Amino acid sequence: MLYTEVLHDLIHPTWPNGTTSLHYSHYPIFRQLVSMYDRDFARGVPKCKVQAIGGIEILRDGLSTFINSVDTIIPNEWYELNEITMDIITKIRSKFPDNVIKVTELREKTHLMEIKKADLPQILDYAHNSLGGHFMTMTGTDYIESLDHFIIDYVLGWYEEGVLVVFRARIRKGDENFPSVTQYVPCADWYEREVKESLGLNPIGHPNPRKLLLSDEWPEDIYPLRKNFKHDTRPPYKAEPRYPFEAPENGKMFNIIPFGPYHFAIHEPIYFRFLTNGERIVNTDLRAGFNYRGLEKIAETRLTYETIPFMAERVCGICGSVHAEAYTQALEKAAKFEAPERAKWIRTVMLEIERVHSHLLWLGVASHMVGFDSGLMQFWRVRDKDMFLAELLTGNRKLYGMIVPGGVRRDIRADKKEKALKLVSEIHEEYEELLRATLNLGTLKKRLKDVGCLRKEDAKKYSVMGPVARASGISIDSRRDYPYEAYPHLDFESPVEPGGDVLARTIVRAHDVLQSIKIIEQALESLPDGPVHTPLDYIPPGVTSVGLVEGPRGTDVHYIITGKEDTVYRWRVRAPTYANLQATPLMLEGYTLADASIIIGSIDPCISCAERVLVVDANSGKERILSSKDLLKR
Amino acid sequence: MKNILRLLKIGITRGRVTYRYPKDRTPVPEGLRGKPELNFDDCIGCGACVKACPPNALVMDDHEGTRTIKLFYGQCIMCGTCEEVCPVDAIRVFEEFELASLNREDLEEVLQFALAKCKSCGNYFTTNRVLENTLSAYSELVKGYGEEFTEMIFLCPDCRRKDWSEVLAEVYRGARHE
C-alpha cells in the first residue's frame, strides 16, 4: 500500500475539513506525510515517489490504527525519551537502524516499539539475551473487524532500570503467521503456543507447536479469542483426541512415569510425564491447561471496567488481591488516574497480608511434601492469625473485594487499626519463634539442600519471577523496581539467595514474610488521612497499558487495551507461575523421583484444573485417553 | 535435637487452635459479606443491582406487564456490589454464609412487580413503584413548573425524548420569531 492510498482510505474523508476525529498533532511523521500529500496535491496528481512511510497512528473509531506498511522506512523524528529508557532504546535502535519503525512513549519509562514481524526474532534475541531484558508477557490481539490485521505484543522489562518496552508487530489478514522467537528466547514458548491456539496465528519455526491451554477435543480451526467467536459457543468435539507427548529417543530404554493430573503431592491438576532411567529423571514433558476457564474472553465480552476486578480476584485462590491490583493498576495507568493516598496505603496493606498468608501456606505445604508434618501444622496455625487479620480489615478470609478502580471499598477504622497492629505483632512474635525452630532443623536442611537447582544463567534465560529468581541470585522485585502504591515510601528489603536450590527458595520466602510483616506495621502506623475512593471519570479507548504487581509467586503482569463503552478490548493475565512452570523441566533434570514433588512444589505452583484422564491398559500396554463423553457414560 | 525440643515446646504451649466446627460455632467476623437478601417491601424493582451484579446472579425479565427479578445464590459471589448500588437499601448483605441446600429452589429468590404503561404510546416501561419513588423524590423539585412537567414522569424514555424535542423546537422557534 502506498501512502497515497493510505491517505485516501483513512484520512481524506475527514481531512482537511474536519480534523476532530484525528489526533495527529503528536506524530511528526504524520505531519510529514500530510505535507508530502499537500505538495503532491498542489501539483495535481498525488504520486510522489516516496518509498515508504512508517508508523502513523490515527485514532479512528476510537482504536489505535497503525499504518506502517510500505517498502522502506523514512527516518522518524524521535521523541525526547527519558534518559535511562533512551539508553535501552538507543541501543536497540543503533543495532537495528532500519528495522525499528517507530517508538512511542506510553508513559514514563514505558515505550511502545513498532517493528516488522520479520524482525521479531533478531530484535528480541538482542533485547533478551544481550541487553538482559526480562520477558514479561506476550499477547495477540484481533483487530480483523476494524483494521484487517492482528497485532502481537512482546513485553520485556528491565528491572534494574525500571523500564518496560512493548515490542509490537502487525500481522495482516490472510497471512496469519509470524516467525517464532522461541528458539532464541525460550521463555516465549508457552505464550506463542497460546497465541497459536487462541487466535490462529502460527509461529513459524516454533520447536514445540503443541496445544497448551485448550483441551485436546477442541477443534483445530476454531479460535476462541478472535472477536467473531461468541463467548458461549460450544464447538463440536473432535473425535479421538490425542496429545502428542514427547517420545523417548529410539533405541533407548526409559520408563515413563505419569505424574498427575490429579496427584496428591501437587495440589492442583497438571500432568507431568517423566522419562526416567532407574530413579533419575532424564526428561520431563508437561501438559498444562487442564482448567482453562476463558476468563479473558468473558471479561472482554460481558464485563465492564467496574466488574472485572471481582473476576480478576478469582483468577487465583491465594493471590486474589494481587490480580485485582494488577488489573486496576493497568486501568488507572491507561486513564492517567491517581488513586487517593489513603487508598494506596490500604491497598499496600492488603497486598502484604496476602503475601504473608501465601508464603506461610507454602512453608506448610512444603514441610508436608518432605514429610515434616509438624511444620505444616505450626505454619498453618500462624497463618490463621493472618487470616484473622484479613477478616478484621475486610470482613472476609479470602476474596476481599477491596481493590477496585478508583480506590478501595472499605476504610480501616481507628479501632480496627489498633486491633490489627496488635495481631501483627503477635504474628511477628510467633513466626520468629517458629522460624528459629524449623529453619535450623538439620534433617530439613539436608532434605532441601542441592535439590532442584536452577542456575542463574538458566533463570535469566527462562525469565523466572519472584522468589524463584531471587533464590537463583537475581535481585528482581517489582515493589522496588517498578514502584507502585505506597511502596516508594516504605522501608523494606527483598532477600536474595545465591544457592538456586529448594533450600534457597525456602529461605527467600521465609525472610520475605518478615519483610512483609515490617511493611504492614509501617503502613498501618503511618496511614494518611483522606478519602478512600474517587471515581474514574474517563478512560480513553485504544490505550495499551501494563500493570505490574509483585505477588507472592513473582511479578504478576496484566496487559490491557482499553475499548469502547466501558469494556476492555483485550485483557491478558500473566500469572507468575506461567513463567516459573516453564523452567521446572530444567530443575527436575537429573534428580530422583522422590524429589519431584518438592521441586515442583518449590516454585509454589498455582495451576488450575482438569477434564480428562489417561488410562494405560496393563495387558496391551496401549494408552487410551478417556474423553468427557466416556466419563459421562460411566 | 535442640530445635526438635523447641518445636515440641511450641506445640505444647500454643495448644489446639482449631474449632470442632458444626458443634462449636466459629466466630463470624464483623462485616462479613455473606448472603444478600432482597426485601420485597422496600424494593422498587429498578434493576440497578441487576446491572451491577458481576456474575449475573441477579437477573431481570419483563413479561406481559410483570417484572421478575430473580436472585440465584448458587451463582452469587457475595461481593456486595448490589448493596452498594441499591437506591432504596432494599438489598442488604448479611453475615449468613451457610447456604448449602439439597433443593435448587431454596437458593432462589424471586420478586415480581407490576409494570406501568407509558401514557403516550402504551408500552410497558418501568414498575409502578419506580414511578411512585420518582414522584415522591422529585415532587419538591418540580413544584411550580406546571402539570406537564409531572406528567412527563409517566412517559417512556422514547416518548419523553420526542416530547422534549418538540418543546425545545417550539422554544427555539419562539426565540427566533422574537
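**Entry 1: the helix pair.** I began with helix α12 (residues 414–438) of chain A and helix α1 (residues 2–14) of chain B, whose axes come within 8 Å and cross at roughly 145°. This is a predicted model, so I read everything here as computed. I then listed who meets whom: from α12(A) the contact includes A:E429, A:E433 and A:L434, and from α1(B) it includes B:R6, B:L7 and B:I10. Sorted by class, this helix contact has six charged, four nonpolar and two polar residues.

**Entry 2: the wider interface.** How many residues of chain A are in contact with chain B? I found 29, facing 21 residues of chain B. The buried area between the two chains is about 2,200 Å², with carbon and sulfur atoms giving 50%.

Next I looked up the polar side of things. The rule finds five salt bridges across the interface of chain A and chain B. I also noted A:R413 with B:E30, a salt bridge whose closest N and O atoms are 3.4 Å apart. Polar contacts across the interface come to 10 residue pairs. On the side of chain A that touches chain B, α11 (373–394) and α12 each supply at least two residues, and α12(A) gives the largest share, eight residues. By class, that side has 12 charged, nine polar and eight nonpolar residues.

**Entry 3: a sheet in chain A.** I moved on to an open, antiparallel sheet of three strands, ordered β15-β16-β17. Its edge strands are β15 (544–551) and β17 (568–574), and the twist averages 15° from one strand to the next. Strand β16 (residues 554–562) pairs with β17(A) over six bridges, and I looked up the bridge partner of A:I560 in β17(A), which is A:W571. Last, I checked helix α9 (residues 320–334), which lies across β15, β16 and β17 of chain A at about 150° to β15(A).

How values were computed
Residues are numbered from 1 along each chain as its sequence is written. Chains are lettered from A and ligands numbered from 1 in the order in which they are written. This is a predicted model: local features need pLDDT of at least 70, side-chain atom pairs count only at pLDDT 80 or more; totals for chains, interfaces and linings use all residues. Side-chain values use heavy atoms; hydrogens and water are left out. Two strands pair if DSSP finds at least two bridges between them. Helices (H or I, at least four residues) and strands (E, at least two) are DSSP runs, numbered from the N terminus. Axes are lines fitted to C-alpha atoms, for helices over the stretch in contact, and angles run from 0 to 180 degrees between N-to-C directions. Contact means heavy atoms within 4.5 Å. Ala, Val, Leu, Ile, Met, Phe, Trp, Tyr, Cys and Pro count as nonpolar, Asp, Glu, Lys and Arg as charged, and the others, Gly among them, as polar. Buried area is the accessible area (1.4 Å probe) that two parts lose on being put together, summed over both. A salt bridge is a side-chain nitrogen of Lys or Arg within 4 Å of a carboxyl oxygen of Asp or Glu. A polar contact is a pair of N or O atoms within 3.5 Å; within protein, one must be able to donate a hydrogen and the other to accept it, and residues adjacent in sequence count only if both atoms are side-chain atoms.
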